[in-house]
Amino acid sequence: MVPATTACGPCYATVKLDGGAVVPGFYVTNSSYAYNSLTGGDSFAKKFDLGDWFLLTITGYDANEEVTGTKEYYLADLRDADKAYIINDWRYVDLSGLGKVKKIKFELSSTDNGDYGMNTPAYFCFDNFGAEGTEELPEKNVIVTGISQVQPSQSTMVGCFDAAGRRISTPQRGINIIKMSDGTVRKVIVK
């Protein structure tokens with residue numbers, strides 16, 4: 001887990017590479033602290049809803065501290081209800097566009113901000129730094145509207161399970177795993 005915050009400053013962390021290198025990519029996910037806050041809120045941060053986002057901005061620097069490139073990767077993106085997601089598993093991030101870098105800076109930003117900066121917990125996890133892979137974003141692993149979370153129609157559900165994996169007849173308050181008639185599996189949060 002990478003803590004990417006200081007008490008009152010910007011939310012960032014850096015990785016330095018001796019001699020410089022081209023980094024193909026790495027795997028990233030939300031920390032459990034950030035994920036639980038994004039999906040349920042906490043004493044500092046709000047629960048995310050339609051229009052909210054949590055962004056990881058990755059910037060490469062050469063030996064002269066010149067920017068080689070920037071990559072934006074949303075750890076949560078609820079700007080479009082039809083594609084809304086909050087990262088809840090390991091996802092590959094392609095960094096090949098940064099070129100040869102001596103330093104990589106990771107910076108977090110969010111739609112949830114207050115008088116003292118970002119309210120969203122400024123943490124993320126990464127692994128396999130330098131790995132190769134294919135970048136794919138999840139789509140619709142949360143369903144949102146501007147007012148409240150949406151329950152799928154009973155006619156399109158094949159099965160419904162609570163967060164512990166127990167089969168239930170209809171979505172209940174909290175996290176539900178819904179298997180749809182088209183074969184997709186969705187995570188639905190019911191208020």
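Predicted model: local features only at pLDDT ≥ 70, side-chain atom pairs only at ≥ 80, totals over all residues.
**Charged pairs, rings and a nonpolar core**

Residues are numbered from 1 along each chain as its sequence is written, and side-chain values use heavy atoms, with hydrogens and water left out.

Staying with this pair, the side chains of lysine 103 and glutamate 65 also meet in a salt bridge, with 3.0 Å from N to O, where a salt bridge means a side-chain nitrogen of Lys or Arg within 4 Å of a carboxyl oxygen of Asp or Glu. The pair links distant parts of the chain, since lysine 103 is in strand E8 (residues 100–110) and glutamate 65 is in the loop between strand E4 (53–61) and strand E5 (67–77), 38 residues apart; helices (H or I, at least four residues) and strands (E, at least two) are DSSP runs, numbered from the N terminus.

Is lysine 103 buried or exposed? Lysine 103 counts as buried because its relative accessibility is 17%, and buried here means under 20% relative accessible area, exposed over 50%, and partly exposed in between, with a 1.4 Å probe and protein chains only. Glutamate 65, at 48% relative accessibility, counts as partly exposed.

Lysine 103 has other neighbours as well: not counting residues up to four places away in sequence, lysine 103 touches Thr14, Val15, Lys16, Thr59, Gly60, Tyr61 and Glu65, contact meaning heavy atoms within 4.5 Å. With tyrosine 61 there is a further arrangement, in that lysine 103 lies over the face of the tyrosine 61 ring, at 4.8 Å from the ring centre; a charge sits over a ring if NZ of Lys or CZ of Arg is within 6 Å of the ring centre and within 35 degrees of the ring normal. Arginine 79 likewise lies over the face of tyrosine 74, at 4.3 Å from the ring centre.

How many salt bridges does the structure hold? It holds 6 salt bridges, and among them is the one in which the side chains of aspartate 52 and lysine 46 meet, at 3.0 Å from N to O. Aspartate 52 counts as buried at 5% relative accessibility, whereas lysine 46, at 39%, counts as partly exposed. Another salt bridge joins lysine 105 to glutamate 107, whose closest N and O atoms are 3.8 Å apart, and glutamate 107 is partly exposed, with a relative accessible area of 31%.

Now to the rings. The count comes to 10 aromatic pairs, under a rule in which rings of Phe, Tyr and Trp (its six-membered ring) pair if their centres lie within 6.5 Å, with planes under 30 degrees apart counting as stacked, over 60 as edge-to-face and the rest as tilted. Phenylalanine 26 and phenylalanine 129 have ring centres 6.1 Å apart and planes at 45°, so this pair is tilted. Because phenylalanine 26 lies in strand E3 (residues 25–30) and phenylalanine 129 in the loop between strand E11 (123–127) and strand E12 (157–162), the pair ties together parts that are 103 residues apart in sequence. Phenylalanine 26 is buried, with a relative accessible area of 0%, while phenylalanine 129, at 28% relative accessibility, counts as partly exposed.

The rings of phenylalanine 106 and phenylalanine 126, by contrast, have centres 5.5 Å apart and planes at 20°, so that pair is stacked. Phenylalanine 106 is in strand E8 and phenylalanine 126 in strand E11, 20 residues apart, and this pair too links distant parts of the chain. Ring pairs link Phe26, Phe106, Phe124, Phe126 and Phe129 into a cluster.

Finally, the core. The largest nonpolar core has 32 residues, and those with the most contacts inside it are Phe54, Leu56, Ile58 and Ile104; such a core is a set of buried Ala, Val, Leu, Ile, Met, Phe, Trp, Tyr and Cys residues joined through side-chain atoms within 4.5 Å. The elements giving two or more residues to this core are E3, helix H1 (32–40), E4, E5, strand E6 (85–86) and E8. Leucine 56, leaving out residues up to four places away in sequence, touches residues including Phe26, Phe106 and Phe124.
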